[in-house]
Amino acid sequence: VIDHYPMGDPVVDPDGSVVTTMRYATTEWMARLVLGFGSGMIVLDPPELVAAVADRAGAALAAYDELGVA
């Protein structure tokens, strides 16, 4: 993501994770982008994006449960 989208200055934590910021137009678009990376990306802020990602991930897992997919 860092190579393909304009980002703020990245900070590499001691565990190797990278923390940065990114501007985006809509929460919907950013939530879809984040979910495409699975567990490889974690949203820390803003709260409405954190909630949108959690809601969509929960809905996807519930859909799998309804289909009986493990």
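Leucine 33 counts as buried because its relative accessibility is 14% (buried means under 20% relative accessible area, exposed over 50%, partly exposed in between; 1.4 Å probe, protein chains only). The model is predicted: local features need pLDDT of at least 70, side-chain atom pairs count only at pLDDT 80 or more, and totals for chains, interfaces and linings use all residues. Residues are numbered from 1 along each chain as its sequence is written, and side-chain values use heavy atoms, with hydrogens and water left out.

Leucine 33 belongs to helix α1. Helices (H or I, at least four residues) and strands (E, at least two) are DSSP runs, numbered from the N terminus. Helix α1 spans residues 27-35, and Met30, Ala31, Leu33 and Val34 are buried there. These residues cover an arc of only 160° around the axis, so they lie on the same side of α1 (the arc is that of the directions from the helix axis to the C-beta atoms). Their cover includes α2 (47-67).

Residues up to four places away in sequence aside, leucine 33 touches Tyr5 and Met22 (contact means heavy atoms within 4.5 Å). The C-alpha atoms of leucine 33 and valine 1 are separated by 9.4 Å, at 32 residues apart along the chain.

The whole structure holds one aromatic pair. Tyrosine 5 and tryptophan 29 form this edge-to-face pair, at 5.9 Å centre to centre and 70° between the planes. Tyrosine 5 lies in the segment before β1 (11-12) and tryptophan 29 in helix α1, so the pair ties together parts 24 residues apart in sequence. Rings of Phe, Tyr and Trp (its six-membered ring) pair if their centres lie within 6.5 Å; planes under 30 degrees apart count as stacked, over 60 as edge-to-face and the rest as tilted. Tyrosine 5 counts as partly exposed at 30% relative accessibility. Tryptophan 29, at 32%, also counts as partly exposed.
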